[in-house]
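Hi,

Here is the structure I promised to pass on.

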Amino acid sequence: MEESNKYRISQDHLMDFVQNRIIVDEEPDVYMTKITLKNEYDIYCQQNNILKKQRMNTVYEEITKNYGVLTRLGWRGIKISQDGYEDA
C-alpha cells in the first residue's frame, strides 16, 4: 500500500509542489501571500511543463489543509524553498 501512495504522490504535481517548494519557517513574521503562492505555482508548472494546472482555489485549499488558516497577511510560517530552482 505504501508503494501505491508513493506512485500517487509522484504523479500528483500539486502534492509535489507543496512538498518540495514550500518550507516551514518558524520566524514569527514570515507569511506567504496568495500572490506569492500563485506566482510560484505558475513558475513551477512552467518549469515542469505542466499544461493542466490545478485551479488556484484548489491550491489555496491544499495549502490551508497542510499549513493552517489564511490570514489577512497570508499563511503564517511558510515560505518558498529556493532549492527547487534550476540555475538559468
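Let's start with the core. The largest nonpolar core has 17 residues, and the ones touching the most other members are Phe 17, Ile 22, Leu 37, Tyr 41, Val 59 and Ile 63. (A nonpolar core here is a set of buried Ala, Val, Leu, Ile, Met, Phe, Trp, Tyr and Cys residues joined through side-chain atoms within 4.5 Å.) At least two residues of this core come from each of helix H2 (13-21), H3, H4 and strand S5 (78-80). Helices (H or I, at least four residues) and strands (E, at least two) are DSSP runs, numbered from the N terminus.

Keep in mind that this is a predicted model: local features need pLDDT of at least 70, side-chain atom pairs count only at pLDDT 80 or more, and totals for chains, interfaces and linings use all residues. Residues are numbered from 1 along each chain as its sequence is written, and side-chain values use heavy atoms, with hydrogens and water left out.

Back to Ile 63: setting aside neighbours within four places in sequence, Ile 63 is in contact (heavy atoms within 4.5 Å) with Val 18, Ile 22, Leu 37, Gly 68, Trp 75 and Ile 78.

Glu 62 also sits in helix H4. Glu 62 counts as buried because its relative accessible area is 13%; the cut-offs are under 20% for buried, over 50% for exposed and partly exposed in between (1.4 Å probe, protein chains only). Not counting residues up to four places away, Glu 62 touches Leu 14, Met 15 and Val 18.

Last one: Asn 49, in the loop between helix H3 (34-47) and H4, has a positive phi of about 55° although it is not a glycine. Asn 49 is exposed, at 65% relative accessible area.

Cheers
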